[in-house]
Amino acid sequence: MTDVSSTPPATRRVDPVALLAFAVVALAYGRAIWFTPPEATQGFAQKILYVHAPAAWVAFLAFGVTALAGAFWLFLKDQRLDRLAESSAEVGVIFTTAVLVTGPLWGKPVWGTWWTWDARLTLTLFLWFIYVGYLVLRGVIPGREQRARYAAVVGILGALLIPFIHLSVYLFRTLHPLPVVARPEGPAMPTVMVKTFFLAFFAFTLLYVAFVRARMALATERDALDDAAVGG
Amino acid sequence: MSAPGLLGSAWLIARKDLAIEFRTRSALLSALVLSLLAIVIFYFAWDSTAVGAGDLAPGVLWVTFTFSGLLGLHRSFGVEAQDGAMDALLIAPVPRQAIFVGKALANLAFVLGVQAVALPAMVLFYDVGVGAAWPALIGVMILAAIGLVAVGTLFAGLTANTRLAELLLPVLALPFFVPIVMPAAQATAKLLAGRPLAESFAWLRILLAFDLVFAYACMLVFPATLDD
């Protein structure tokens, strides 16, 4: 996209989206810690909601973006789409890991156990496995076109797989609360919590966008460097 | 001779693969021995006085099928690596999807062949009373085998051209086996416990939907895994 020889590399410049994302994250957590009351029965442990749930949202969002970018790549063969898929998958792994780490931290005080084979927990764990498999596959294919093609196939099939894993593990058993916020009769949560909750969602989504932008800039430079090395 | 259609070409490719397998018998024999070994070894992994063999049987059976299936799937594109056989297959005037369907059919025969030996072996070794559940149990086996083979064939083709193929195939394919192995094992457990088939309908619906969606989707995306 950019001519690397004349402009400063995109990875060196400070991305305004990243600045905004960090500011909103700070705002959301300031609000969550100091201005949102603790939950009546769970106490302070419930605060982890503001990390856990938004991270889970971004984890699934990232996988959706990876799958869509891959699908479009198959038709358009635009390298930027493949870089988007790659970046989104890598950022997605980070957020999925955050979900898997914060989940047990919350589960121990509230459910009394670090890990349980609950439906949504298991689904997230498999999401993580699919992501990692996807990235391992990318890592072993040196050719750019072949890598993009194979990754697109795995990304698309992975997106198809998610509902099936969801169905199976849900049928197996679930411990998670039924929807607390997104339900037809309105959120079963005090407004002050809902506001913080949505602010945290917005903050994490911005953070996702910022991370993907940074990762894409890196991928663009890497590809340009490869081209320069091959083209001489 | 005029070029055959999708199913005709697929049939030819499946027959070719099965002929190779039948003449060498290397993979099928290994897979059979592996599944028998697994069934025998798993028996000793639990305290047989604490856990009844019948309670272990469904889990052991499905873990065994999953891994012996992977063994066969890996071979399915491995045989094309020699002497540029894959290139010859690509040059042949057959639809690309026919290669997938043919390979999948051969793999299905392979997996069903392993199941045909491993299931009676487990019934024998674990002293499981199947009784009237045989037809339903065989139905579950076939439903699960279709999904396993559809996804497995695609990933076998995908990983065949990469280094680490034998490692990458299970890493990629196993998460996809979750919605197959979980329903199949749950339905098997219910059937072996003498519960009516109707109790397993929810699981069987997932299996059937998986088969339909993934058989079609894998066939559709398969050409993207071929390198011209």
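Mentor: A residue counts as buried if 20 or more other C-beta atoms lie within 10 Å of its own. Keep in mind that this is a predicted model.

Trainee: OK. How many residues of H6(B) are buried?

Mentor: Of the 27 residues in H6(B), 21 are buried, so by that cut-off the helix is mostly covered.

Trainee: What span should H6(B) have, and how far apart are its ends?

Mentor: At 1.5 Å a residue, its 27 residues should span 39 Å. The end C-alpha atoms of H6(B) are 36 Å apart, which agrees.

Trainee: At what angle do H3(B) and H6(B) pack?

Mentor: About 45°, with the axes 8 Å apart. H3(B) covers residues 53-78 and H6(B) covers residues 134-160. That angle makes H3(B) oblique to H6(B).

Trainee: Is the crossing left-handed or right-handed?

Mentor: The crossing of H3(B) and H6(B) is right-handed.

Trainee: Which residues meet there?

Mentor: From H3(B), they are Gly69(B), Leu70(B), Leu73(B), His74(B), Ser76(B), Phe77(B) and Gly78(B). On the H6(B) side they are Leu148(B), Gly152(B), Thr153(B), Ala156(B), Gly157(B) and Ala160(B).

Trainee: How many of them are nonpolar, polar or charged?

Mentor: The contact of H3(B) with H6(B) has 6 nonpolar residues, 7 polar and no charged.

Trainee: Switching to chain A. How many helices and strands?

Mentor: Chain A has 6 helices and 0 strands, so along the sequence its pattern reads α-α-α-α-α-α. It has 232 residues, 38% of which count as buried.

Trainee: What share of its contacts links residues 24 or more positions apart?

Mentor: For chain A, 78% of the contacts with a separation of 6 or more.

Trainee: What about H8(B): how does it pack with H5(A)?

Mentor: H5(A), residues 144-172, and H8(B) pack at about 180°, with their axes 11 Å apart. The two helices are therefore roughly antiparallel to each other.

Trainee: Which residues make that contact?

Mentor: H5(A) contributes Val153(A), Ile156(A), Leu157(A), Leu160(A), Phe164(A), Leu167(A), Ser168(A) and Leu171(A). H8(B) contributes Ala202(B), Trp203(B), Ile206(B), Phe210(B), Val213(B), Ala217(B) and Val221(B). The contact of H5(A) with H8(B) has 14 nonpolar residues, 1 polar and no charged.

Trainee: Last topic, backbone angles. What is the phi of Lys77(A)?

Mentor: Positive, about 55°, although Lys77(A) is not a glycine. Most residues other than glycine have a negative phi.

Trainee: Where does Lys77(A) lie?

Mentor: In the loop between H2(A), 49-76, and H3(A), 79-111. Lys77(A) is exposed, because there are 12 other C-beta atoms within 10 Å and the cut-off for exposed is 12 or fewer.

Trainee: And Asp127(B): where is it, and is it buried or exposed?

Mentor: Asp127(B) is in the loop between H5(B), 96-125, and H6(B). Asp127(B) is exposed, with 11 other C-beta atoms within 10 Å. Its phi is near 50°, a positive value in a residue other than glycine.

Methods
Residues are numbered from 1 along each chain as its sequence is written. Chains are lettered from A and ligands numbered from 1 in the order in which they are written. This is a predicted model: local features need pLDDT of at least 70, side-chain atom pairs count only at pLDDT 80 or more; totals for chains, interfaces and linings use all residues. Axes are lines fitted to C-alpha atoms, for helices over the stretch in contact, and angles run from 0 to 180 degrees between N-to-C directions. Helices (H or I, at least four residues) and strands (E, at least two) are DSSP runs, numbered from the N terminus. Angles under 35 degrees count as roughly parallel, over 145 as roughly antiparallel, 65 to 115 as roughly perpendicular and the rest as oblique. A crossing is left-handed if the near helix is turned anticlockwise from the far one by less than a right angle, and right-handed if clockwise. Two residues are in contact if their C-beta atoms, placed from the backbone, lie within 7 Å. Ala, Val, Leu, Ile, Met, Phe, Trp, Tyr, Cys and Pro count as nonpolar, Asp, Glu, Lys and Arg as charged, and the others, Gly among them, as polar. The expected span of a helix is 1.5 Å times one less than its number of residues.
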